[in-house]
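Please keep the structure open while reading.

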Amino acid sequence: MTKAPYLRPVAAYAIIALTLGVVAGSFAWVAGWIYWPFVPPPLTAARMIDVFESTTRKHPGFRRNHAKGLCVSGHFDSNGGGAQLSRASVFKRGSFPFIGRLSAPGSDPTQEDADAPVRSFALKMSLPQGEEWRTAMNSVPIFAVSTPDALYQQLAALQPDAASGRVDPAKMERFLEKHPETRAFHEWLAKHPASSNFYNASYFSINAFRFTDAQGNTRFVRWSVVPEAAYQPVTAIDTRDPDFLAHDLSKRLVRGPVRWHLMITPAAPGDPTADATRLWPQERELHRVDAGVVVIDQAESQIDGACRDINFDPLVLPAGIEPSDDPLLAARSSAYAVSFNRRTREEAQAAQPGNSRR
Ligand code: HEM
């Protein structure tokens, strides 16, 4: 018996529809739009930003992390010393302008400075031939976790309970039990009280990067900026002002610029380059190279200042500097892009006639 002739096109359409369904389904799965029961959805940049958002109320137009901060500008006076480690144009002797941002971690732009044990410094340096070097550093030399997934779990543990509106300490305890690698970060904080201002703190790249010199030799490094001002711990008198960090910087800049030295620390073979929770041995600092001076001479509000619409993506690098194999770096780059897209869209909407700004 021969098959009815109309079945052939029906079968062909069914196969095409099934193929399209599988392809679309795979995209939706990878994008985190559909979930199978009992299978955890993949961690996407959008889900990472969702979990940052879930730790606070809505703050349209603000960064989803490091929400509180201010814009700064100045220049980097390169002394040529970094050229022994990398052929990057930023290490040739010269002066390069930058726009920067000083901030504190956290998703709430209204948080009090007293609540921030960590300070942060981001830079976008403009280099010859349209190159740029963007870096975002924290005042602790290590990170609390080594993988994007662990960061997601940490932030999920900080979500306030829907009924009480409070963070459940038991959730955080369970997270810390499962993640002993976070101990080093907390121990470091316990031994190093926060600085009394933005310009007497050191800031660290934390993640490792790979430098290539003019001869093609490569090595892993971490960098830091070390202040000329002597470190002082924050005091109860400082924290009476909830915005003491920004106020103090503005007052200080009236007297002249503030300065840090950009120090590059090369790794030795075997030093961890893919684990931001681990320090390198202290003796590595004996071989660090002073590459020049980072100078801030101006500060302005982040609401309409030059840093507002900058994404300090740590993977925007000049030739001669490349990412290491640290999995946090790619996750940072993609998460910062989602945060940037959401906040600049909200900015644009607020700027429409008839809408209030923020
Ligand atoms: C997977 C790990 C990380 C994620 C998902 C993450 C997420 C974010 C997000 C969403 C922002 C806001 C970006 C924007 O809207 O422009 C941000 C800013 C920032 N992050 Fe991270 N971060 C991570 C790791 C780190 C590490 C290891 C450091 C320290 C080296 C760091 C330092 C900073 C700094 C300083 C800023 C503020 C940049 C600015 O002033 O705009 N982050 N982070």
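A residue counts as buried if 20 or more other C-beta atoms lie within 10 Å of its own. By that cut-off, eight of the eleven residues of strand S1 (residues 68–78) are buried, so S1 is largely enclosed by the rest of the structure. The model is a predicted one.

**Whole chain**
- The protein chain has 358 residues, and 33% of them count as buried.
- Its secondary structure comes to seven helices and ten strands.
- Along the principal axes, the C-alpha atoms fill a box of roughly 95 × 55 × 50 Å.
- Among contacts with a separation of 6 or more, 73% are between residues 24 or more positions apart.
- The domain assignment gives domain 1 (9–40) and domain 2 (66–328).
- The centres of domain 1 and domain 2, taken over C-alpha atoms, are 42 Å apart.

**Strand S1 and its partners**
- S1 pairs with strand S2 (residues 94–104).
- The pairing of S1 and S2 is antiparallel, with eleven bridges.
- In this pairing, Cys71 stands opposite Arg101 in S2.
- S1 also runs antiparallel to strand S9 (residues 289–301), joined to S9 by nine bridges.
- Here Gly74 stands opposite Ile296 in S9.

**Strand S3 and its partners**
- Strand S3 (residues 120–126) is mostly covered, with six of its seven residues buried.
- S3 pairs with S2 in the antiparallel sense over six bridges.
- Phe98 stands opposite Met125 in S3.
- S3 is joined to strand S4 (residues 132–138) by seven bridges, and the two run antiparallel.
- Ala122 stands opposite Ala136 in S4.
- S3 and S4 form a hairpin, with five residues between them.
- In the turn of that hairpin, Gln129 has a positive phi of about 55°.

**Ligand shell**
- How many residues surround the ligand? There are 32, and the closest are His66, Arg101, Ser120, Ala136 and Ser339.
- Six elements are listed as giving two or more residues to this shell: helix H2 (45–53), S2, S3, S4, helix H3 (148–157) and helix H7 (327–350).
- Which element gives the largest share of the shell? H7 does, with eight residues.
- By type, the shell residues divide into 17 nonpolar, ten polar and five charged.

**Positive phi angles**
- Most residues other than glycine have a negative phi.
- His66 is not a glycine, yet has a positive phi of about 55°.
- His66 lies in the loop between H2 and S1.
- Is His66 buried or exposed? His66 has 24 other C-beta atoms within 10 Å, so His66 is buried.
- His66 is also one of the residues closest to the ligand.
- Ile206, likewise not a glycine, has a positive phi of about 60°.
- Ile206 lies in the loop between strand S5 (203–204) and strand S6 (209–212).
- Ile206 counts as buried because 20 C-beta neighbours lie inside 10 Å.

Technical notes. Residues numbered from 1 in each chain as written. Predicted model: local features only at pLDDT ≥ 70, side-chain atom pairs only at ≥ 80, totals over all residues. Buried ≥ 20, exposed ≤ 12 C-beta atoms within 10 Å, placed from the backbone. Helix = DSSP H or I, 4+ residues; strand = E, 2+ residues; numbered from the N terminus. Pairing = 2+ DSSP bridges. Near = placed C-beta within 6 Å. Nonpolar A, V, L, I, M, F, W, Y, C, P; charged D, E, K, R; others polar. Domains from an automatic or database assignment. Contact = placed C-beta atoms within 7 Å.
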